[in-house]
Amino acid sequence: MISEYQQQLREKIMSVPETPPPTPWRTVLDRRTPIGGLLGIGFAVAPDTDRDLIMVVSVDGHGLFDTTTGEKIARDRDPDPDDSTPDAMPDLTCPGLGPVAGTRVSIAGLFGGGLHTTTLDGWSLEVVSPEWPHHRVLLSTDGGMPHDGPHGDHWWHIFDSNYSEFRAAGFSPSGRTLAIATSSDLTLWTRPAPEVDPTREARA
């Protein structure tokens, strides 16, 4: 049995439409860009530009994407079997490729792990399952929570994985990229570098 409050919250989340994240977020890749057999994703940083990169691990190998343009900048279709999936390592990492070769990238997805669910300037993500096994991803800001205030004000239902298995969702460490992965695709949003209150950063 669930409480009356829980039932009301479930109905509220289920009643709102899926909507893109608000400004300043913009779409880079969406679910119309398939990546079959996706197992997990992880963030890295381009050593020459400090731009966010995202590594994708799938049954077809490893790929590395620029999160600002969506360009695939490196591909390994035949990784070492001992390193092809993150579950082979205690820390759930895979070897980097392309500009981040020689490093290891933490991968979140089918085998566990996780991505950042908050940013220093107040954005946060929640993954909920009002219709298990389907997952919905909720974005909020300014202290807004999915049960507080109208949809589209301080919170947004930005993704519904009712068509594929959910893998991972989260922000890059820089807070400039938001990624959601399912077993069949990767969705990316980007924004300019956030302005962070230095006193808040010091407290963190």
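How many bridges join strand β3 to β4, and which way do the two strands run? Six bridges join them, and β3 (residues 52–58) and β4 run antiparallel. This is a predicted model, in which local features need pLDDT of at least 70, side-chain atom pairs count only at pLDDT 80 or more, and totals for chains, interfaces and linings use all residues. Residues are numbered from 1 along each chain as its sequence is written, and side-chain values use heavy atoms, with hydrogens and water left out.

Start with β4, residues 61–66. Strands here are DSSP runs of E, at least two residues long, and helices are runs of H or I, at least four residues long; both are numbered from the N terminus. Two strands pair if DSSP finds at least two bridges between them. A hairpin through two residues joins β3 to β4.

Now turn to β5, residues 72–76. Four bridges join β4 to β5, and this pairing is also antiparallel. H62 has D76 in β5 as its bridge partner. Five residues separate the two strands of this hairpin. In the turn, G70 has a positive phi of about 85 degrees.

β4 is mostly covered: six of its six residues are buried. Buried means under 20% relative accessible area, exposed means over 50%, and partly exposed lies in between (1.4 Å probe, protein chains only). G61, G63 and F65 point one way from the strand. H62, L64 and D66 point the other way. Both sets are buried.

Next come the aromatic rings. A pair of aromatic rings is described by the distance of the centres and the angle of the planes. Rings of Phe, Tyr and Trp (its six-membered ring) pair if their centres lie within 6.5 Å; planes under 30 degrees apart count as stacked, over 60 as edge-to-face and the rest as tilted. A search of the whole structure finds four aromatic pairs. In one of them, the ring centres of W25 and W123 are 5.8 Å apart and the planes stand at 80 degrees, so the pair is edge-to-face. W25 lies in the loop between α1 (4–15) and β1 (26–29), and W123 in the loop between β8 and β9, so the pair ties together parts 98 residues apart in sequence. W25 counts as buried because its relative accessibility is 6%. W123 is buried too, with a relative accessible area of 7%.

W123 also pairs with W156: the ring centres are 6.0 Å apart and the planes at 35 degrees, so this pair is tilted. W156 sits in strand β11 (residues 155–160), 33 residues from W123. At 9% relative accessibility, W156 counts as buried. Ring pairs link W25, W123, W156 and F171 into a cluster.

F171 leads on to S124, which contacts it. Contact means heavy atoms within 4.5 Å. S124 lies in strand β9 (residues 124–131). At 17% relative accessibility, S124 counts as buried. Beyond neighbours within four places in sequence, its contacts include T117, T118, L138 and S140. The side chains of S124 and S140 make a polar contact at 2.7 Å. A polar contact is a pair of N or O atoms within 3.5 Å; within protein, one must be able to donate a hydrogen and the other to accept it, and residues adjacent in sequence count only if both atoms are side-chain atoms.

T119 lies in the loop between β8 (108–109) and β9. Its side chain makes a polar contact with that of D121, at 2.6 Å.
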